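Take a moment to look over the structure below. The paragraphs after it go through the ligands and the chains in turn.

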Amino acid sequence: MTNSIDTSIYTAITEAIQDEARRILSERSVIAVVGYTAARRKGSAQPVVITQADDAGKLIFSAACVNNLAVYLTKAKKEIPKGGKIGIVVKGCDLKALVGLLGESQLKREELYLIGVPCAGVLASTAQPARELTGDTIAPKCRECDNHLPQGCDFVPDQRPVTLELAGKYSAEIARLEAMTPAERWAYWKEQFKKCIKCYACRQVCPFCFCEQCLCDRNKPQMVETTPRPAGNTAWHIVRAMHLAGRCAGCAECERVCPMDIPLNLLNRKMAKELKELYDYEAGFEVREKGPLAMYDEKDDQSFIK
Amino acid sequence: MHHTEKHNFEPKIIAFVCTWCTYAGADLAGTSRMQYPANVRVLKFPCTGRIDPVFILKAFQQGADGVLVSGCHPGDCHYIAGNFHARRRFAAFRKLLEFVGVDLGRLQFSWVSAAEGGKWVEMVTDLTERVRGMGPMQEFRELALEEQWSGAIDTPELREAYNSI
Ligand code: SF4
Ligand code: SF4
Ligand code: SF4
Ligand code: FES
């Protein structure tokens with residue numbers, strides 16, 4: 001296989017993560033570590049929260065460690081013990097989401113101990129978790145990743161990932177859609193949105209969908225039809241993309257969990273692209289107090305306003 | 001007396017306006033006896049900063065053929081920066097609508113002050129005539145009529161099974 005991706009460093013990274021988790025837990029500098037552990041099927045992985053140094057050996061890192069664990073620090077944070085620092089294992093893309101949450105005052109940096117992973121990529125699908133990581137099996141987000149090495153972490157293993165130059169799938173697809181006529185684009189999205197079953201898995205998994213009450217669940221007044229009909233689905237996807245514009249970190253978790261295979265991260269990435277062009281803003285590793293849609297410049301473009 | 005030309009299609013235009021400038025401007029147009037298309041339905045808000053993009057979406061879903069959003073000129077917002085925030089939000093929202101395939105000709109943004117009755121008339125007339133030329137907004141209407149739960153559920157196998165019952 002010529003396009004196979006070298007994941008041999010993941011073994012050494014696993015050991016480094018285990019050692020570090022053991023150290024910080026036994027020194028009681030953190031009360032828990034959120035990481036990945038082996039799941040039941042061979043080669044698969046699942047999120048885990050460990051609170052004992054003795055459990056550090058359970059932690060792993062592999063190409064099947066797809067989840068963005070930052071979500072456990074917002075929505076699901078009630079399940080994580082309070083009263084101390086929390087350690088968390090983050091890949092570059094996950095860290096960008098976490099940094100966004102810091103900027104939105106959902107988390108405090110001093111309450112976190114960040115274990116960054118030098119990451120060569122993860123699998124697109126965990127249906128066959130033991131598959132080799134190649135240019136064909138790698139997640140689309142990793143094809144256009146420029147954050148293989150997380151920055152600003154408390155601990156990062158020394159290994160350095162070797163990555164392949166791969167053509168971006170998202171950027172190509174966005175360009176393809178942009179070249180269409182509005183009617184063709186409408187037809188495309190109509191087919192896609194039609195499939196949605198309103199399971200809200202995409203909302204559940206997104207670190208930024210932390211509102212205690214989502215606008216899309218409200219019924220007095222009802223802004224977005226809740227039934228999984230084409231009209232309500234379209235509204236849901238437009239509102240979702242709008243609420244995440246300028247915030248989405250591109251972890252592509254939403255798209256990964258969608259049971260109906262809707263390419264919904266295209267909308268988020270398109271918005272990220274537009275906001276970069278309009279306001280020169282991009283999700284990154286630097287904590288910023290305000291996103292592009294929470295601030296303004298008096299000289300902003302208004303060529304579209306009469 | 002204004003002319004009473006008959007059209008085949010009278011578009012529904014929804015205008016979301018801020019109360020301090022554009023609403024007052026529209027009022028001025030009225031008290032000055034200026035004529036403009038009666039196609040526009042005006043909805044008044046405290047500020048353009050309060051006009052959530054979801055309102056625009058909802059207007060289209062409920063049968064609007066065109067939407068106008070209008071407020072105070074930059075620097076004149078009565079809440080200082082409401083329209084600056086709105087400007088960014090709408091710039092982003094336009095891009096999103098465009099990407100899902102909505103023709104942006106149906107959506108107009110403007111700044112109309114309390115003294116600009118004439119500009120209000122011009123905005124409403126322009127948008128109404130442009131949308132009249134474009135015809136009814138079919139996309140959202142068709143969507144609302146569709147009941148299909150999921151595209152993938154209609155397979156030949158399922159159809160056969162259903163027909164054999
Ligand atoms: S996007 Fe980058 S950091 Fe995230 S999993 Fe892929 S390669 Fe790793
Ligand atoms: S919208 Fe999707 S890609 Fe963006 S942060 Fe949320 S889950 Fe990640
Ligand atoms: S995960 Fe997919 S099917 Fe479920 S609500 Fe989101 S887009 Fe719809
Ligand atoms: S008060 Fe008119 S735009 Fe804010």
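Where does ligand 1 sit? Ligand 1 sits in the largest pocket. A pocket, on a 1 Å grid over the protein atoms alone, is an open set of points with protein on both sides within 12 Å along at least five of seven lines, whereas a cavity is a set of points where a 1.4 Å probe fits but cannot get out. A molecule sits in one of these if more than half of its atoms lie within 2 Å of its grid points.

This is a predicted model, in which local features need pLDDT of at least 70, side-chain atom pairs count only at pLDDT 80 or more, and totals for chains, interfaces and linings use all residues. Residues are numbered from 1 along each chain, chains are lettered from A and ligands numbered from 1 as written, and side-chain values use heavy atoms, without hydrogens and water.

The residues surrounding ligand 1 (a heavy atom within 4 Å) include C93(A), C119(A), C142(A) and C145(A). Ligand 3 sits in the second largest cavity. There, 14 residues surround ligand 3, and C196(A), C199(A), Y200(A), C202(A) and C258(A) are the closest.

The two chains also meet: 50 residues of chain A are in contact with 45 residues of chain B, contact being heavy atoms within 4.5 Å. About 4500 Å² is buried between chain A and chain B, that is, accessible area (1.4 Å probe) lost on being put together, summed over both. Between these chains there are 6 salt bridges, each a side-chain nitrogen of Lys or Arg within 4 Å of a carboxyl oxygen of Asp or Glu.

Note on methods: 1 Å grid on protein atoms, 1.4 Å probe; cavity = no way out; pocket = protein on both sides within 12 Å on 5 of 7 lines; lining within 4 Å. Buried area = accessible area lost by both parts, 1.4 Å probe.
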